[in-house]
Amino acid sequence: MLISIRDVAKEAGVSVSTVSRALNGYDDVNEDTRKRIMDMASKLGYRPSQSARNLSLKKKENVAILISGLGSNSPMDEFTGNVLKGLNSYIQGKDMMIAMYGISSEIQRQLSLKDFCEQYSLSGVILTGLKLGDKYIEEVKNNEIPCVGIDIRLEGNMAASVLTDDVKAFKEITLYAIEKGYKKLVLVKGKDEAEVTIDRYKGFKTAVKEKSISKDNIDILDCKYDEELAYTTVREYIGKYGKSRGRTFICMSDLMAIATVRCIEELSYRVGEDFFVTGFDGIQLLNYIKPKIPTIDQNIIKKGYEGMRLLMDIIKNGKNPGTVYIEHSLINGE
């Protein structure tokens, strides 16, 4: 059985952070404690992984992106892939490397962010996919680990955020949909615990109020950014109401918009004639949808690039740049 650093910590009666610091030669570990840890590691046959050894050799040159939600029933989508492209484009030609770890709420409960970074010899992390109330978001406020949140608003002395102005952007796409589509609306909504959902919903409400759309002409489908859930929910909705209720589907993500288009076509309706659909993200998959549907391009690759740039600036200079907004653009449909 492979022995982990957590096994050593448990048997030695200390924290994972203490084991990591002892094994990596930090001078703030009591010598008796260090000896006990070293003896226990030897007894258990613990050996750091090659990647961990490499990271400890150049700690200041190594960071990681921690992605929550990779274990859900939605696969890693193009949004996440584009964030990774942006990160990679920044490190090209630089003497550094970046690791990727999938995390969950359970992992956050078991291992603090500080201990996570100590365990993998990380000098800073990029966080994405976290939900409001997640433990790591709260921890960032009170620790000195350089952190950057992508689509997550972080607070702390060593924290920064890279965001879209989701309120403004979703107001724009909603106004576009009202002007170009039908006045009976269906909001295909993301998960309530995501900060971007809250902001996009604010933009939606501002737009419908501005256009005097009554609540009677608005239906909301909770689809949690899940493509398959959006497909089954929208299909059931159209199957029940046909064209008698909402005919303009305003989706909080491109993947949910693609699922909506699938439903419309499979039920023998036409996008653009029978129903109007909008997306949000700007992923390349929309190029294969005909007719082309409107969306908001978040410039996701740039989000990844700026996230990495900000993180390295915090690590090297100790500066907190706060929140950086990436400019979005409205992509018209056909």
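Tutor: Let us begin with the polar contact, which is a pair of N or O atoms within 3.5 Å; within protein, one must be able to donate a hydrogen and the other to accept it, and residues adjacent in sequence count only if both atoms are side-chain atoms. In this structure, the side chains of R309 and E306 are joined by a polar contact of 2.8 Å. The model is a predicted one, in which local features need pLDDT of at least 70 and side-chain atom pairs count only at pLDDT 80 or more, while totals for chains, interfaces and linings use all residues. Residues are numbered from 1 along each chain as its sequence is written, and side-chain values use heavy atoms, with hydrogens and water left out.

Student: In which helix does R309 lie?

Tutor: Helices (H or I, at least four residues) and strands (E, at least two) are DSSP runs, numbered from the N terminus. R309 belongs to helix α13, residues 300-317. The protein chain has 13 helices and 12 strands.

Student: How is burial judged, and is D166 buried or exposed?

Tutor: Buried means under 20% relative accessible area, exposed over 50%, and partly exposed in between (1.4 Å probe, protein chains only). D166, at a relative accessible area of 3%, is buried, whereas R309, at 32%, is partly exposed. D166 is found in helix α9 (residues 166-180), and its side chain makes a polar contact of 2.8 Å with the side chain of R200. Of the 334 residues in the protein chain, 50% are buried.

Student: Which residues does D166 touch?

Tutor: Contact means heavy atoms within 4.5 Å. Leaving aside residues up to four places away in sequence, D166 touches V196, D199, R200 and F280.

Student: What is a salt bridge, and how many does the structure hold?

Tutor: Side chains of opposite charge can pair when their charged atoms come close. The rule asks for a side-chain nitrogen of Lys or Arg within 4 Å of a carboxyl oxygen of Asp or Glu. The structure holds 19 salt bridges. One of them joins E195 and R153, at 2.8 Å from N to O. E195 lies in helix α10 (residues 195-210) and R153 in the loop between β4 (147-150) and β5 (159-163), so the pair ties together parts that are 42 residues apart in sequence. E195 is buried at 18% relative accessible area, while R153 is partly exposed at 32%. A network of salt bridges links R153, E195 and D199.

Student: Which domains does the assignment give?

Tutor: Domain bounds come from an automatic or database domain assignment. Here the assignment gives domain 1 (5-56), domain 2 (63-164 + 301-331) and domain 3 (166-297).

Student: How much area do domain 2 and domain 3 bury between them?

Tutor: Buried area is the accessible area (1.4 Å probe) that two parts lose on being put together, summed over both. Domain 2 and domain 3 bury about 1,800 Å² between them, with 53% of it on carbon and sulfur atoms. On the side of domain 2, H328, L330 and I331 lose the most area to domain 3, together 33% of what that side buries. In terms of contact, 16 residues of domain 2 meet 26 residues of domain 3. Across this interface of domain 2 and domain 3, the rule finds 2 salt bridges and 8 residue pairs in polar contact, both residues at pLDDT 80 or more.
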